[in-house]
Amino acid sequence: MQSKGAVKLFAIVLALVCLYQLSFTLVTKNVESNAKEFANGNEKKEKSYLDSIATKGVYNIGVKNYTYQECKEREINLGLDLKGGMNVTLEVSVVDLVRSMAGQNATDPTFQKAINRALEMQRNSQDDFVGLFGKAFKETDPNAKMAAIFANIENQDRINFNSTNDEVLKVLKTEADAAISRTFNILRTRIDKFGVAQPNIQQLGSGRILVELPGVKEPERVRKLLQGTAKLEFWETYTFGEVAPALVQVNKVLAADSQKDSLAKSLLTSTIIKDSKTTKKDTSSLASTSADTTKKSSLVDKLGKDSSAKKDTSQKTFEQFAKENPLFAVLFPADGQVRTQEDKAIVDKSCVVGYTLIKDTAAVNTILAREDVKAMLPKNLRLLWTVKPRSAESQSLELIAIKVSGRDGTAPLDGSAISDARQDFGQFGGKPEISMRMNPEGAKAWKRLTGENVNHSIAIVLDDQVYSFPNVQGEIPNGNSSITGNFEINEAKDLANILKAGKLPAPAHIVEEAVVGPSLGKEAINSGLISFVVALLLVFVFMGIYYNNAGLVAVVALLCNMFFIMGVLASLGAVLTMPGIAGIVLIIALSVDANILIFERVREELRLGKGLRLAVSDGYKHALSSIIDSNVTTLLLGIILYAFGSGPVQGFATTLIIGILCSLFSAIFITRLIFEWMLDSNKEIRFWNEFSKNAFKNIHIAFVDKRKMYYTISGIIIAAGIVSMATRGFNFGVDFVGGRTYVVQFDKASTTEEIHSELGKSFGNSAHDVKTFGTDNRFKITTDYLIEENGPDAESKVLAKLYDGLKANFPGMSEEAFKATKVINSQKVGPTVADDIKTSAVYSILFGCALMFLYILIRFKKWQFGLGATAALIHDVLIILSIFSIFNGVLPFTLEINQDFIAAVLTVMGYSMTDTVVVFDRIREYLGIHPNMDKKQVINDALNATLSRTMNTSLTTFFVLLAIFIFGGDVIRGFTFALLIGIVVGTYSSLCIATPIVVDFDKKKTA
């Protein structure tokens, strides 16, 4: 063996580096174990313990004493599926940026048509939005000039009226790219201040940003943190007295409307009429939640000259009142219960217009959006809701009258004036609040604004929601202010964090999301470890029994391989996921394949009568070509997986790539070093036992002659699969069709039909599906309810509907408790993301086939070999798809077509290609040795010569995957089933499909 010293040195250095990197994980686990012991089950106490030692040295290696926090940053990074947490993909809303750059011209009909058309095109396109907008604009009006829309004051230094459409699009593209980059930096700043260990944030292209937050237990808090644009504004306000006459007029017009009966009926179905007890209770709470006073006067008492309004409304039914007062049936006036002139004067000066139950805000918004209603209100009036009820008991929001005093419609002061923000506690009552400090320019503007509004309210608005509206007592000259409200401490901290990090240049919406509960993460770790140990034991036993003590050398190399993989993962900061563990277990089988190739070659050399040392040397030399070819093909497919995949698929690809490289080093060099040492020490090396010495030796199968039979068998299965695909279709996962998925843990046995019926009442006409998820009364619920809605509260609305539909199964449990303890996993995939995933899946498979064809063509220099290998790959994919369609709903586990399935298919393609390359390599060798023999016979002999290696590798891999299938948990059962089928089909196709196709298309074959 050449360069033995260099190999030894590299192995020692690699081992030391891996040991150093893995040591941080051991240290952190020891510290956390001590914390658990100290806390004795108290989570807050455990967290306090870890926080107290975060900056203290816990690992002294002489040159440096690492703190717990530093060790934590260097430990193996577990994925969300192993430790719980949240994975979010955000998409920067470039369309909103384009609209904002258009300014007042955003209402232009051509512009609006082009925007809507571009949004339609985006659903089925991989292009960026600006490019699609350019195509849509030209399609809408080929002669229109974009400069007429975008040449305004804000863009005057970049766009003028003579700018061409291409020049305008270039500016829009530059702004969009800059906005995405700024959004990424702002989100990273927010996340860094969130306090999560080992967060991950990266740009994905197409305006998307991936955020991974391990261990997060408050997903709703994260959604608000990430999606809040931080558009902070300070507005002047109208008083209730100034707005009240217009509201009275609106109410009169609505009442006199010719369709008032249908309007009142629609309003009644969405209001408090359904529950008279709730009406009384909430009406009372509405009256008691004003910002400025607790006493009100009655606007109902001054509804103009309408005689019906002067009647005692308390004697009427609420239904009759709603018919005569459509607006005030859903918007309770601010002076609704004021009885004295003194209190009436106070309310008239308030900026609160009225109060509405949260569930009725949509009805009020519908009324206020009517064009005839807008015409009756002051032109510079904006009506905005408060962000939350004033107290936990209240179910109502306040409607605030905003005065737009500037000509351009912008606020007198905005978030750009804020130089610092922090969570603080108020002087009176000690409630959490946000203290803000302004820069010099902001301080001047704030001084002017407060000076002009003494004894009036100024509304502090964030993302079009009013957080507070303090009454100005006097001019504030120092640029200090605060936002008060009914905040929790964490809520105030997050809000201060958002304000300090800065405003997002464009809104960012969650288009894909996955939440894994900690209990499911622990189960994944346990099942992963069990499958890992069982797989190792199976390999150990097989190699020891079949290859004697040479097999034990392979086991040592395998353990070294596992050690190197974990060390490299830790040093690169790569994330270890459950599919990643599956990738490592698969690497066990693939690394054994390299040893089997070497051992089978050594056995052949020994049968030829060569001495042990020469047989070992020649065995390694002759096996090297097949080992390199087979691993390179799998490596290429791993790279394709990484490039086209996302999330768990990338985790699988990462471990697969690292594992292949480590496997090559371990199988070729580590085992060789051990054998060299054993030979130098005159130790006995045996490559067989008595029963395995002549295994597969006297087998002569006429593979080429039986090729028509193989074609027929495959054809029948594929034909049946195509019929099934056309009639039954597939069970597409949520990441292929879009929607939301929840895994819910039930306390008692139930059926999918019962749950589906219960949810039908809650989700209405929205599609929903219910499937069992493993055992222990778990069900996987999928729905497309509100999937097009991207607001920060969309997820809360869906979860509320889920709870409403299922609460009969959880008597006495609150909605919050249900979300925290029973929803153990959730996933959201928006329609555009689902389309992108499907497109990427198709491209990855096609690109994989093309790449394999080119590689085989280059390596074997004959297109027939490339065709045979590619045909075998397509054959394998079709067989797997057929089985997933035919047996969908038949087997007791889910056969979903999702990202994990695509990863499995690509892995099978890699495995099948490995088999095929080994077979082709032997055929090429035999054809070179016997150039004058009948080609069919030579090929048959070559195929039979590889049977020992092929069957041993396939059986080893199959039983390893069987261990994952049985012990790996429900999450990856469909994934491993696809791999199991693929191993069988891949082995079959390499022998019975790929080679016969080479024979049929080789014109130089002999008779």
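In this predicted model, helix α1 passes helix α2 in a right-handed crossing, a term used where the near helix is turned clockwise from the far one by less than a right angle. Local features need pLDDT of at least 70 and side-chain atom pairs count only at pLDDT 80 or more, whereas totals for chains, interfaces and linings use all residues. Residues are numbered from 1 along each chain as its sequence is written, and side-chain values use heavy atoms, with hydrogens and water left out.

- The contact (heavy atoms within 4.5 Å) is made by V31, E32, N34, A35, K36, F38 and A39 of α1 together with K45, E46, Y49 and L50 of α2.
- α1 and α2, the latter spanning residues 43-52, pack at an angle of about 135° with their axes 8 Å apart, the axes being lines fitted to C-alpha atoms over the stretch in contact and the angles running from 0 to 180 degrees between N-to-C directions.

**Helix α1 and its end**
- α1 covers residues 4-39, a DSSP run of H or I with at least four residues, and its 36 residues reach 52 Å from first C-alpha to last, close to the 52 Å expected at 1.5 Å a residue, where the expected span is 1.5 Å times one less than the number of residues.
- Just after α1, N40 takes a positive phi of about 55°.

**Confidence**
- The mean pLDDT (the predictor's confidence in each residue, from 0 to 100) of the protein is 80, and 87% of its residues reach 70 or more.
- Over residues 264-315 pLDDT stays under 50, and for this stretch the model has 108 contacts beyond four places in sequence.
- Where pLDDT is low, predicted coordinates should not be read in detail.

Notes
Helix = DSSP H or I, 4+ residues; strand = E, 2+ residues; numbered from the N terminus.
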